[in-house]
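Hi,

Here is the model I promised to pass on. Could you open it alongside this email and tell me what you make of it?

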Amino acid sequence: QAADDLILETAGLVKEFRGFVAVDGVNLKIRRGDIHALIGPNGAGKTTCFNLLTKFLQPTRGRILFKGQDITGESPQCIARKGMVRSFQISAVFPHMTVLENVRVALQRKLGTSFHFWKSDRSLDCLNERAMALLAEVGLESYARMVTVEMPYGRKRALEIATTLALDPELMLLDEPTQGMGLEDVERVMALIKKVSANRSILMVEHNMKVVSGICDRITVLARGAVLAEGDYAEVSSNPVVIEAYMGS
Ligand code: ADP
């Protein structure tokens with residue numbers, strides 16, 4: 001595997017909480033362009049891994065390489081600027097703003113925070129156009145003027161994805177993107193993830209095996225903080241060690 005095929009790599013990632021080893025020497029390899037799933041029974045260390053990647057937690061040991069560059073010591077903001085963005089990091093949406101306004105805020109964040117007292121109407125039009133284009137991309141045009149808090153639950157992930165796309169990430173991290181959704185919404189989110197993966201890589205924690213088998217190119221199975229197996233869905237789902245880990249959980 002050539003190193004430049006990998007967008008993200010971890011080497012010997014370890015996280016201990018007062019002596020308890022939650023992540024135990026994890027080597028992840030995420031290929032450019034893939035939809036990659038991180039799965040495993042409860043308590044396997046998936047969330048802790050995500051938190052290490054996006055710097056909510058500092059690893060006890062190990063290294064994280066993004067596009068071949070060591071980002072282990074860097075701030076979440078810096079990592080986001082380099083192109084790795086976790087969806088909820090920026091999609092703490094303002095519930096009483098409209099859907100369109102929330103996407104506009106995310107776009108402004110990307111475009112910079114330099115403050116000018118006078119803004120032309122033209123620049124606002126421009127921002128609105130780009131925000132509408134993003135909403136169209138995720139299938140939310142008809143919700144543009146709705147106050148965000150009033151959106152149906154099943155469509156909120158699409159807004160999260162739109163606000164994440166506003167930052168134009170090369171690698172998007174998604175936490176259980178279909179959690180708590182009905183079948184129709186699950187299918188819509190699957191199609192959306194597939195669509196946005198056309199020009200970026202995606203790493204997601206996902207419990208729904210329909211989603212994992214349906215859209216993921218590669219899967220890493222974690223159990224008790226360590227990588228148990230890695231491969232495509234057929235390989236992983238037929239692996240007796242994986243079946244055992246799920247049965248035993
Ligand atoms: P998963 O997301 O796969 O369910 P987690 O990463 O949330 O697993 O948790 C892995 C293990 O680490 C669990 O046993 C959990 O109790 C433990 N853990 C997670 N966060 C902390 C923490 N802040 N302090 C102590 N233990 C933790």
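Some housekeeping to begin with: the model is predicted, so local features need pLDDT of at least 70 and side-chain atom pairs count only at pLDDT 80 or more, while totals for chains, interfaces and linings use all residues. Residues are numbered from 1 along each chain as its sequence is written.

The ligand is surrounded by Phe17, Phe20, Ala22, Gly40, Asn42, Gly43, Ala44, Gly45, Lys46, Thr47 and Thr48 (C-beta atom, placed from the backbone, within 6 Å of it). Helix α1 (46-53) and strand β2 (20-26) each give at least two residues to this shell, and α1 has the largest share, with three. Helices are DSSP runs of H or I with at least four residues, strands are runs of E with at least two, and both are numbered from the N terminus. By class, the shell has four nonpolar, six polar and one charged residues (nonpolar: Ala, Val, Leu, Ile, Met, Phe, Trp, Tyr, Cys and Pro; charged: Asp, Glu, Lys and Arg; polar: the others, Gly among them).

Strand β2 also holds Val21. Val21 is partly exposed, because 15 other C-beta atoms lie within 10 Å (20 or more would be buried, 12 or fewer exposed, with C-beta atoms placed from the backbone). Leaving out residues up to four places away in sequence, Val21 touches Val14, Glu16 and Gly225 (contact: C-beta atoms, placed from the backbone, within 7 Å). Its C-alpha atom is 9.8 Å from that of Ala226, 205 residues apart along the chain.

Now the helix pairs. The axes of α6 (residues 153-165) and α7 (residues 183-196) are 9 Å apart, at an angle of about 15 degrees. Axes are lines fitted to C-alpha atoms, for helices over the stretch in contact, with angles from 0 to 180 degrees between N-to-C directions. α6 and α7 are therefore roughly parallel (under 35 degrees; over 145 is roughly antiparallel, 65 to 115 roughly perpendicular, the rest oblique). On the α6 side the contact is made by Gly154, Arg157, Ala158, Ile161 and Leu165, and on the α7 side by Asp185, Val189, Leu192 and Val196. That contact has six nonpolar, one polar and two charged residues.

Helices α4 (residues 99-111) and α5 (residues 121-137) cross at roughly 110 degrees, their axes coming within 9 Å, so α4 and α5 are roughly perpendicular.

Cheers

Technical notes. Two residues are in contact if their C-beta atoms, placed from the backbone, lie within 7 Å.
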